[in-house]
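The entries follow in the order in which I looked.

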Amino acid sequence: MPYIPFTEEQKITANSVELADFLRMRGEKLERAGREYKLIYYDNSGKHDSIQVHSSAEIKVADTKVKKKIE
């Protein structure tokens with residue numbers, strides 16, 4: 001994947017977005033699970049919920065944390 005340069009303004013905008021709201025706006029299905037959300041998606045093997053949105057700055061895929069903050 002090629003490097004994509006972002007302006008400081010784009011970084012600030014991206015970091016201020018609430019991730020759960022953004023995903024819902026794009027039509028993704030989220031289910032509340034305590035203080036976080038699970039992203040619900042389907043493929044040939046069935047329903048999946050292994051992606052968790054913890055906050056606007058962090059998601060968890062299976063057992064791996066991924067920070068959203070763009071620097």
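Among contacts in the chain between residues at least 6 apart in sequence, how many join residues at least 24 apart? I looked this up in what is a predicted model, and found that 24% of those contacts do so.

Entry on the overall layout. I noted two helices and five strands in the chain, and, reading from the N terminus, I wrote down their order as α-α-β-β-β-β-β.

Entry on a nonpolar patch. On the surface I found a patch formed by Val17, Phe22 and Met25, which together have about 290 Å² of accessible area. I then followed Met25, which lies in helix H2, covering residues 19-25; Met25 counts as exposed because its relative accessibility is 68%, and the cut-off for that class is over 50%.

Entry on Glu36. I placed Glu36 in strand E2, which covers residues 36-43, and saw that this residue is buried and yet has no salt bridge. When I searched for the nearest side chain of opposite charge, I came to Lys38, which is 6.5 Å away, whereas a salt bridge would need the charged atoms within 4 Å. Setting aside the neighbours within four places in sequence, I listed the contacts of Glu36 as Glu31, Gln52, Val53 and His54.

Note on methods: Residues are numbered from 1 along each chain as its sequence is written. This is a predicted model: local features need pLDDT of at least 70, side-chain atom pairs count only at pLDDT 80 or more; totals for chains, interfaces and linings use all residues. Side-chain values use heavy atoms; hydrogens and water are left out. Patches are made of residues with over 30% relative accessible area and no salt bridge: like charges are joined within 9 Å, nonpolar side chains (Val, Leu, Ile, Met, Phe, Trp, Tyr) within 5 Å. Accessible areas come from the Shrake-Rupley method with a 1.4 Å probe; for residues, only the protein chains shown count as cover. Helices (H or I, at least four residues) and strands (E, at least two) are DSSP runs, numbered from the N terminus. Buried means under 20% relative accessible area, exposed over 50%, partly exposed in between (1.4 Å probe, protein chains only). Lys and Arg count as positive and Asp and Glu as negative; His and the chain ends are not counted. Contact means heavy atoms within 4.5 Å.
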